[in-house]
Amino acid sequence: ATASKVIVIGAITTWGVTLPASPYDGQAVAIACPGGSGGTVTVSVATVPASTTIVGTALTACSSGGVSPAGGEFVYSTAQNKWYRIQ
């Protein structure tokens, strides 16, 4: 819940990332694979706050390289109770 950058160093076949519970407005989380890859990636939301959703294209794989386009970045909006994929 306290990490804002999730970085893959080696190969991960199946990787599940849960965005932080009780996020603050403007909180950002970046997922990058500079030294490895995530073959199948699933990004989900925590159960707190209730009814939080992710808006934007799903991140389903992470290839070796930087955040964009090899990974993804998400920002939380308290007013909308949504995580927005911005990269």
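The backbone oxygen of A50 lies 3.0 Å from a polar atom of the N81 side chain, and N81 itself is found in the loop between β6 and β7. This pairing belongs to a predicted model, in which the protein chain has zero helices and seven strands. The mean pLDDT of the protein chain is 85, with 92% of its residues at 70 or more.

**Surroundings of N81**

- Because its relative accessible area is 17%, which falls under the 20% limit, N81 counts as buried.
- Leaving out residues up to four places away in sequence, N81 touches P49, A50, S51, T52 and T53, and also Y76.

**Overall form and confidence**

- Read from the N terminus, the elements of the protein chain follow the order β-β-β-β-β-β-β.
- The protein chain has a radius of gyration of 12 Å, which agrees with the value near 12 Å that a compact globule of 87 residues would have, while the C-alpha trace spans about 35 × 25 × 20 Å along its principal axes.
- Of the contacts between residues at least 6 apart in sequence, 69% join residues that are at least 24 apart.
- Among the elements, the lowest mean pLDDT, 84, belongs to strand β1 (residues 5-7), and the highest, 96, to strand β7 (residues 82-85).
- Where pLDDT is low, the predicted coordinates should not be read in detail.

- In soluble globular proteins, nonpolar side chains tend to be buried together.
- Setting aside neighbours within four places in sequence, W15 is in contact with V6, V8, I31 and C33, as well as with T40, V41 and T42.

**Q27, a buried loop residue**

- Q27 has its place in the loop between β2 and β3, and Q27 counts as buried because its relative accessibility is 7%, under the 20% limit.
- Although Q27 and R85 are 58 residues apart in sequence, their C-alpha atoms are 12 Å apart in space.

Conventions
Residues numbered from 1 in each chain as written. Predicted model: local features only at pLDDT ≥ 70, side-chain atom pairs only at ≥ 80, totals over all residues. Heavy atoms only, no water. Helix = DSSP H or I, 4+ residues; strand = E, 2+ residues; numbered from the N terminus. Rg over C-alpha atoms; globule rule 2.2 N^0.38 Å. Contact = heavy atoms within 4.5 Å. pLDDT = per-residue confidence, 0-100. Buried < 20%, exposed > 50% of the residue type's maximum accessible area, 1.4 Å probe, protein only. Polar contact = N/O pair within 3.5 Å; in protein donor to acceptor, adjacent residues only side chain to side chain.
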